[in-house]
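Dear colleague,

Please find the structure below, together with a summary of what was found in it. I would be grateful if you could read the summary alongside the coordinates.

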Amino acid sequence: MSEKTIQLEVFRYRPDADGPGFQTYDVPFHDDWVVLDALNYVKDYVDGTLSYRWSCRMGVCGSCGMEVNGEPKLTCAAFLRDYLPGPVRVEPLTNFPVERDLVVNMDGFMSKLDSVSPYIVPKDEAGGGPSAEHLQTPAQLDRYKQFSMCINCMLCYAACPVVGRVDEFIGPAALALAQRYNLDSRDDGRERRYDVMFQDEGVWECTYVGECSEVCPKHVDPAGAIQQAKLSGALDYYKRMLTPWARRS
Amino acid sequence: MNEVRHDIIIIGAGGAGLRAAMAVVETNPDLSVGLVSKVYPMRSHTVAAEGGMAAVIKPNDDRQHHIYDTISGSDWLADQDAVELFVDEAPRELIQLEHWGCPWSREDSGQVAVRPFGGMQIERTWYAADKTGFHVLHTLFQTSLQFSQIRRYDEFFVTKLLVADGRCQGCVALELRTGELHVLRAAAVIVCTGGFGRIFPFTTNGAIKTGDGLALAYRAGAALEDMEFVQYHPTGLPGTGILITEASRGEGGILLNTEGRRYLQDYDLGAPLDIHDPRHPQNRSMELGPRDRLSQAFMHEQAAGRTFQGKFGDYVELDVRHLGEERIESRIPFVRELALNYAGIDPIVEPIPVRPVVHYTMGGIDTDVHGATALPGLYAAGECACVSINGANRLGSNSLTELVVFGARAGRHAAAAAAGLELGGGAEIDRQAAAERERLAAWRARPTVDDRVASIRDDMTTAMEAGAGIFRDEASLAACCGTLRGLRARADRVHLHDDSPVYNTELVSALELDGMIDVAEAVAHAARQRTESRGSHQRTDFAARDDANFLTHSLAYRTDDGPRIAYKDVVITHWPPAARVYGAANDADGQA
């Protein structure tokens, strides 16, 4: 009885060895296997030198984003059965520097996240710590909830044509996160985020191609967040022009 | 070797580590924190917690209820002084998360909503739909970004704790990107590395849950406490082991065998109410019984031939169809997403196949209520620690709360202890760091053998499931202990194929395995020596709880010949050991 197999073409790169290339592996085909299962099979039983990131294998930790046949995917949610008869080409996420094999450099992404002040700036900074919950109605929660669902998998950065062109573009996930906090009824940090969001490399750089929302595995709709932000940013701009004394530090 | 100095080093940047880091800064803003993690913080497994987080906040609830639910859930093995602190500090910590922006689900009034979970008299589980852990982790991580005192070391794998002058003074860490070793020195180290579900083959735990911090502390001389207690969650997806949250039962989901019977009624868990009865689901009853009892009931149903047979083993059905699409989408959308993606089942129209799956490890590094271990300078918090509030069986939705309550306590205490501390022992630290560099270099120079890291790991997980699963006995545990000794010898010889310094994930896997075998041995030996049944530890050859001999915590100490097991008493304050009663009969209980 011959076992059904499928072929993987995996991008290989070691900075301390020969240049990049592709390596092929024949792996068992199972109807319920995802691409990550196939990579784990290779790693465990065929070639221990293959490097990639993964953990939760249930689409929430955001580690295992890669290009599968040229599309950014969470490999824990990309089923081999959708790529029959193969081969399946697996590459590191585009628009990121490659460290090794399927591992990309996340420094730029992490500093962009950091740059948007992604935390609540309290309205009243009373000392002594919190004693009671803020009220927030389900409707107020709904205003930002969708934009709080980002798992930082970076598929949107791989899909975004602007990120590919302009290194400094803050990018879909970080801008959606900024908008998430701006829309939170508990937050007073809009001014603090303004300069980053509305700099040249902020929301205005987005040309609304919408690829980010297409590839988002969590339906965050960063393109929608950016469009919303553009609108409110434009209004803020006129408000600043007309009432400059109202601007806080 | 590159050497860095901080006041506090925290190993692990999940819920407990992030909360600890911020507690250090809150306590003393002049202190610097090195936050070290083998992954980026938002990849930590806190992210996968689903159902919610317990704290008393509603007027119909009371601290006595939460304390009693936790202690009875633990089968009286929890330390009651720790449980009291935990329950009293929980509301404040959850409100703190609320102030930091956690998107808690809300009532129409705008107040935080709560839902029932297993083993609770009163519903007290705060939730953010069914992605609570995800939201808590991202809230903590994002909030932590504003503190310049917290310096992160992302993707650094800690290989050794440094101990000199009788005090833990830092660690050696491997930078995965470069392969360089770093010496991170500090006046105190807090271990927050999570549990060790990955020593078993079928688990809800992500790949990173390899118990690294337990192995580090164990090798530094600290005790591992209550390691024999491993929680099987009753509802995982067959095959992948992906968790289907208890919130699905808190919202009214039911468990059915092949006869369509709600079989839990046959296991002293109460009588079922009709699913359309407004009083369904009843707290502390039937599907809202404790996890250990539900997983054990599955095993009995399986033995009786009343479970379904599937490609990935036997299963029962979790039916949530009667909740309707709207409630499923608003309360447990992730359950639907996971069932659709990974089981090809839409829970709106079909029951979900589920079976017990290793989920949580009650045991961990022995600490006091401040997170301090017996080794000065070494602290632990979160799933890797054992305070103990969980005893022989953790109550659902206490684990996320434990992360923030005891993460904060450990951070505060370590900060107070570390401020202004003058450390000696520099020469000894240098000697240990050099020895550690040689250990890793020797590893890379091992001769080729016909063995693989993954093969040894497979044999270890198989041995744990066969020998130390839901039901255990002397023969199964003796065999397991023997197998693990043999695996230790194989792990000491295994050779690496990857010689690159850059992201050598094979080396990381080997280091993880090396630690996991120590941790697995502690589990198997502690289980073998506890000749009683309590909570999640069920001995078929000693079926009854034995308070006369085993109202004690086990403590495993490392020796070169395997674990040495000692015991210490359980702390009882106001709740003397009693029978665990679930179902309608529990109504009179809990008012101690």
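Predicted model: local features only at pLDDT ≥ 70, side-chain atom pairs only at ≥ 80, totals over all residues.

In what order do the strands of the open sheet of 4 strands in chain B stand? The order is 1-10-9-8, and the pairing is mixed. Strands here are DSSP runs of E with at least two residues, helices are runs of H or I with at least four, and both are numbered from the N terminus. Two strands count as paired if DSSP finds at least two bridges between them.

Residues are numbered from 1 along each chain as its sequence is written, and chains are lettered from A and ligands numbered from 1 in the order in which they are written.

**Sheets of chain B**

Strand 9 (residues 167–175) and strand 10 (residues 181–185) of chain B run antiparallel and are joined by 5 bridges, with B:L174 opposite B:L181. Helix 11 (residues 426–444) of chain B lies across strands 8, 9 and 10 of chain B, at about 140° to strand 8. Axes are lines fitted to C-alpha atoms, for helices over the stretch in contact, and angles run from 0 to 180 degrees between N-to-C directions.

An open sheet of 5 strands in chain B has the order 7-3-2-11-19 with parallel pairing. Its edges are strand 7 (150–154) and strand 19 (378–380) of chain B, each with a single partner strand, so one side of each has no neighbour in the sheet. Strand 2 (residues 8–11) and strand 3 (residues 33–37) of chain B pair in the parallel sense over 4 bridges, and B:I10 stands opposite B:L35.

**Domains**

Domain bounds come from an automatic or database domain assignment. Chain B is divided into domain 1 (2–229 + 362–427), domain 2 (234–356) and domain 3 (447–558). The centres of domains 1 and 2 of chain B, taken over C-alpha atoms, are 30 Å apart. Between them, 24 residues of domain 1 are in contact with 23 residues of domain 2 (C-beta atoms, placed from the backbone, within 7 Å).

Chain A is divided into domain 1 (5–104) and domain 2 (107–246), and 31 Å separate their centres, taken over C-alpha atoms. Here 11 residues of domain 1 of chain A are in contact with 12 residues of domain 2 of chain A. Strand 3 (65–68) and strand 4 (71–74) of chain A each give two or more residues to the domain 1 side.

**Interface between the chains**

In the contact between the chains, 45 residues of chain B meet 44 residues of chain A. The elements of chain B that give two or more residues to this side are helix 3 (80–99), helix 4 (132–144), helix 9 (333–343), helix 12 (453–468) and helix 14 (505–529).

Helix 4 of chain B is mostly covered, with 13 of its 13 residues buried (20 or more other C-beta atoms within 10 Å of a residue's own, C-beta atoms being placed from the backbone).

Yours sincerely

Conventions
Contact = placed C-beta atoms within 7 Å. Buried ≥ 20, exposed ≤ 12 C-beta atoms within 10 Å, placed from the backbone.
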